[in-house]
Amino acid sequence: MQYNWNWGVLLQEPYLGWLISGVGWTIAVASAAWVIAFTLGSVVGVARTLPNRWARGVATAYVELLRNVPLLVQLFIWYFVVPELLPDDWGRWVKRDLPLPEYTTAVIGLGFYTASRVAEQVRSGIESISRGQSMAGYASGLTTLQLYRYVLLPVAFRVIVPPLTSEFLTIFKNSSLALTIGVLELTAQSRQITEYTFQGFEAFTAATVMYVVITLTVTAGMSLVERRARIPGFIAKGG
Amino acid sequence: MAFDFGVIFDSLPFLAEGLALSFLLTLLAAAGGIVLAVILALMRLSGYTALALISAAYVNFFRSMPLILVIFWFFFLVPLLIGRPVGGFYSALIAFTLFEAAYYSEIIRAGIQSVSRGQVAAGYATGLTYGQTMRFIVLPQAFRNMTPVLLTQGIVLFQDTSLVFVVALRDFMTATTIVARNEGRLIEMYLFAAAVYFVICFSGSLYVRRLQGKFAR
Amino acid sequence: MIRENSWVRCGLFAAAALAAVGLAPAPVVAQEFYGTLAKIDEAGEIVIGHRETSIPFSWIESDGEPRGYSVDLCLKIADAVKEMLGKPNLGIRFVPVTPQTRIPLLANGTIDIECGSTTNKLSRQEQVAYLPVTFITGTKLLVKSGSGVETLDDLSGKRIALAQGTTNERVIKAAIEAGGLDVDVLNVKDHAEGFLSLETDRVDAYSTDHILLYGLITRARDPENYEVVGDFLSYDPYAIMVRRDDSAFQLLGTRVLADLFRSGEIRDIYAKWFQPFPTSADVSEPPTELLEAAWQLNALPE
């Protein structure tokens, strides 16, 4: 193989700066999307277990629709299709005046997509709690709201910490798709460095190492959460 | 805005070719991935620390990688490393196989562990070796238990094949994009792509659910 | 007419002789091939990298067939390869490339030759080699008619789309930096996506080589709404890319092009794609004096 190794390139400007900004964008996309995914996913997941048929129907439709279309297609629809379907003024606003249009679109697309997966975890968490608890709750005069607030959710969210950890990791990995709509996150930056320097191995190795570091950090952080959240006698499903 | 879905009809053969490539990639990568995954799972459960560590390292490494980055590695750098061209399709196939094997192996490991220890002990007691016990007693039952999960992962894999778009390999997603841009019909084509993926993946998951129901009985 | 080279004539004669006695095709010239030629010989096919939206150099319509000026030139080279290897049935496979993938895929052997709209740059020559120049262009701006934008300076406070991996991307980014301009950049994957961003008002301008901008306009639904503005911001001589350190294959390509330049056949091929553009009868681009000069300079004698 003819290849001139030059690891030093990673420490040169502007390439070092590109890598750092890439990591920054990856974290920025993933964390903002996670806020949407967790909030919306919890709501949808709870809705799937409610007694109300309509709530269940809408939530199920949401999950099936978003789970069965590739994330890449969803991103393209958010980015290319949605602004054109809006009234002209709104579409123009989305494309031009929205702050950081590509970043925002990536966050929304990734957030809504991941919400469908979080919803499934929340639902299975709630369903893992024995029916007896719900009945006991109702029997003691709790409303549905109170039942979820005081009985089901506190247990469910602690049970699903491990699978949520893996969804949280997945959102970091999936944030790399933001490059397809022009966000210069970590993977995009490593490719850009390859284009400028032709040092592909070094650039991709750097990106690879950084993803591993992100994963290890998140895993370590979440295992602390997991330890604190664990309920004696419960074995978490999935993971 | 006027819609023109006729453009889809005109380019059906081109789109169908792309879809065929997506399917082929899914099937071959799933087959290869499962074979590799069985090996990884058996290594993990073999009781030899070294083998188990290698397997765990492999699985954890690939599970921390974004698929796009793996595709880039195999598209651009691996052919350079081994000094001979691999070709776009095979690069993608190898990338998907290695990547998916990490996910499949976790499913298979769980499947193997779901077979009760007593059965393994019984196998050994009747004089079977480790290989024979796995081959004749554990794996058949494990595969039956985990078929639905493996199929679900197959659906995920099918969706993931759309990512070869980033290296312009002509799968369904790339074909759709080409038509969308040539004809200036983005809205129609991307909605169409979403519909096609949805119909295929949703039918797939309905089938898996029916299968689960059958197995649960 | 092309004047045939002695080896071509010899090859044709030998091939005819072989065909006459009904022998299985075998390498006509008993010589050891190396590099790309050996690879093509072994694989039984030549792999041509092409672009998807570089009109009229190398692009595809909805049938997926690559076409264009650069593709035609590469097919001529493929013919010469067939003769050299004595394999008239040698396969030709097309692989699509983008500005980001073309160099890595050539360097790693996925494609054997790149026929698109690639600028011959010295920094790229650290990775790849080029055949003689086949077209000369430069960076300009594409804007919507009546936008009032004439130069890069007018884009202050506005957005421009740039295709990643192109020479234009670097030229414009450098100019923005040098001039201290407040221009926001949107990174796009290829020309089609850049044009789309302009069409849907996501950006105020798209910049690439002027000739490609004309090509993009011919594909627009409302061509009259777009205009190419500004002075040339760079000098971009296009050339076909081949692998580095492979003088035998490079010579073969150079020879084919020199023959075309010398015989004047290049004018016919050029006219087929530029006078007018196949995508619009209204757009025609005669060869510039500079391009004529480049052809003459490279019409090397046998």
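1. Axes here are lines fitted to C-alpha atoms, for helices over the stretch in contact, and angles run from 0 to 180 degrees between N-to-C directions. The model is predicted.

2. Start with chain B. It has nine helices and zero strands. Its C-alpha atoms fill a box of roughly 70 × 50 × 25 Å along the principal axes. Of its 217 residues, 45% count as buried. Now take the contacts in chain B with a separation of 6 or more: 75% of them join residues 24 or more positions apart.

3. Next, the contact between the chains. Chain A gives 29 residues and chain B gives 30 residues. On the side of chain A that touches chain B, the elements giving two or more residues are α2 (53-67), α3 (71-85), α9 (186-197) and α10 (200-229) of chain A. By class, that side of chain A has 18 nonpolar, seven polar and four charged residues.

4. Now one helix pair. Two packed helices are described by the angle between their axes and the distance between the axes. In chain B, helix α6 (residues 117-125) packs on helix α7 (residues 130-160) of chain B at an angle of about 135°, with the axes 10 Å apart. Therefore α6(B) is oblique to α7(B). The crossing of α6(B) past α7(B) is right-handed.

5. Which residues in α6(B) and α7(B) meet? From α6(B) come Gln119(B), Val120(B), Gly123(B) and Tyr124(B). From α7(B) come Thr133(B), Ile137(B) and Val138(B). The residues of this contact divide into four nonpolar, three polar and no charged.

Terms used:
Residues are numbered from 1 along each chain as its sequence is written. Chains are lettered from A and ligands numbered from 1 in the order in which they are written. This is a predicted model: local features need pLDDT of at least 70, side-chain atom pairs count only at pLDDT 80 or more; totals for chains, interfaces and linings use all residues. Helices (H or I, at least four residues) and strands (E, at least two) are DSSP runs, numbered from the N terminus. A residue is buried if 20 or more other C-beta atoms lie within 10 Å of its own, exposed if 12 or fewer, and partly exposed in between; C-beta atoms are placed from the backbone. Two residues are in contact if their C-beta atoms, placed from the backbone, lie within 7 Å. Ala, Val, Leu, Ile, Met, Phe, Trp, Tyr, Cys and Pro count as nonpolar, Asp, Glu, Lys and Arg as charged, and the others, Gly among them, as polar. Angles under 35 degrees count as roughly parallel, over 145 as roughly antiparallel, 65 to 115 as roughly perpendicular and the rest as oblique. A crossing is left-handed if the near helix is turned anticlockwise from the far one by less than a right angle, and right-handed if clockwise.
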